[in-house]
Amino acid sequence: MQKTAIKVTQVSKIYKLYDTPAARLKDALGLTRHKNYREHAALNDIDLVVGKGETVGIIGTNGSGKSTLLKIITGVIRQTKGEVEVDGRISALLELGAGFNSEYTGIENVYLQGTMMGFSKEEIEGKMDAILEFADIGNFVYQPVKTYSSGMFVRLAFAVAINIEPEILIVDEALSVGDVFFQSKCYRKFEEFKEQGKTILFVSHDLSSIAKYCDRAVLLNKGKKVMEGTPKEAIDRYKMALVEQEEAQCRENASLWESKGAGGTWHESLSLNPDTLEYGDKKAEIVDFAIVDKTGKVTNIIEKGDLCTIKMKVRFAEDVTEPVFAFTLKNLMGIEITGTNTMLEKQGVEPRKAGDVQSVAFTQRMILQGGEYLLSLGCTGYEQETFQVHHRLYDVCGLTVISHKNTVGFFDMESTVEVEGEVSEAH
């Protein structure tokens, strides 16, 4: 029978929300008999059991209570009610470097953190080489951490947290710190922990990592546990919860699109970027758009290997003789990864008159690696061989690609592998 590493029973966390500091003070001093606050349930009757050696992922929309649950399990905050039992030494990658003293050197902070975790000076010295090698910040370890860049700071904090040989590792989005090479090192350490049979509780918005590393996944929504099951089952339910949140968000922006005369509903199921860069002469205007998965559902989440469609609807305010429709996908660093347009695809579009509405759909198989991308849309054209931008929407919404296997680089060449060779007889 599998032993239990973490057991959470009927845990709730209620926060009191005050309208003014004075109301908070009066309540703290007991100077009022009236309830002058509102209650917010960050968590509501959560049950969770994590067996020793399991890797369990926790997913959910923003504000679902994921980080609150981890902080309760690690003792950073106290639950309002319920019980938490933990069997094993915990290393928590939550707020990296929260206990660092900015005036101390990196080395001094390693000793400080190690002491706080219950290690003797001799034990810390025994781990020092591994910590410094993992952090890889050179002679800066002898300088006060207040002189560090943010990247060096999180590298050292992560190195300390990851090298104390915990029995239980609790991670909250911390694997995304530092540059891509350091992230790769962090994931190798993560896999090493799994191979050693350590217990891992893992919160991430990176659904590809949840699918790749976790044995089970738990879905939280608005402070409640919706379900737990295989990573795929939880991710599928998460998509539904995300759509509900996105619909609520987009209803708030509906008046903006209605003022443009959109009249469509595609975008209402997408999470939009409030800081979209928009420009053009508006002779033609993109009034609606969508990302559509293989089932025909409008969503920001596509599984790698699936067919997907990017659609846009364009209304023409003036005559345009040679309209061109385009989309591009960028990574979060702003690098254009891929894209195309009707001219490149040799798909001619007839001249359009003022008042016309044109819908365009680009369908392709998603071969990008799992991760986060940004979608841009455009309608351009030529007037007497002069290039004109009618309407562009840069970074109008995000696109999440879920992958169960990532290869090297930006996309998957879908290679097949054959291992060949003659086997010689031993002499």
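I looked up F153 and found it partly exposed, with a relative accessible area of 23% (buried is under 20%, exposed over 50%, partly exposed in between; 1.4 Å probe, protein chains only). The model is predicted, so local features need pLDDT of at least 70 and side-chain atom pairs pLDDT 80 or more, while totals for chains, interfaces and linings use all residues. Residues are numbered from 1 along each chain as its sequence is written, and side-chain values use heavy atoms, without hydrogens and water.

**Aromatic pairs.** I searched the whole structure and got six aromatic pairs (ring centres of Phe, Tyr and Trp, the last by its six-membered ring, within 6.5 Å; planes under 30 degrees apart are stacked, over 60 edge-to-face, the rest tilted). One of them is F100 with F153, edge-to-face at 5.3 Å between centres and 65° between planes. F100 sits in the loop between β5 (90-93) and α3 (106-116) and F153 in helix α5 (residues 150-162), so this pair ties together parts 53 residues apart in sequence. Helices (H or I, at least four residues) and strands (E, at least two) are DSSP runs numbered from the N terminus. F100 is buried at 13% relative accessibility.

I also noted F140 and Y148, edge-to-face with 6.3 Å between centres and planes at 90°. F140 is partly exposed at 39%, whereas Y148 is buried at 10%.

**Charges over rings.** K311 lies over the face of W266, 4.1 Å from the ring centre (NZ of Lys or CZ of Arg within 6 Å of the centre and within 35 degrees of the ring normal). I found the charged end of K330 over the ring of Y394, at 5.3 Å from its centre.

**Sheet.** I traced an open, mixed sheet of six strands in the order β5-β6-β7-β3-β8-β9 (strands pair if DSSP finds at least two bridges between them). Its edge strands are β5 and β9 (224-229), each pairing on one side only. Strand β3 (residues 55-60) runs parallel to β7 (residues 199-203), joined by four bridges. In that pairing I located G57 opposite F202 of β7.

**Helices on strands.** Helix α2 (residues 66-74) lies across β3, β5, β6 (168-172), β7 and β8 (216-221), at about 150° to β6. Helix α5 lies across β5 and β6, at about 160° to β5. Contact means heavy atoms within 4.5 Å; axes are lines fitted to C-alpha atoms, for helices over the stretch in contact, with angles from 0 to 180 degrees between N-to-C directions.

**Totals.** I counted nine helices and 18 strands in the protein. Of its 427 residues, 46% are buried.
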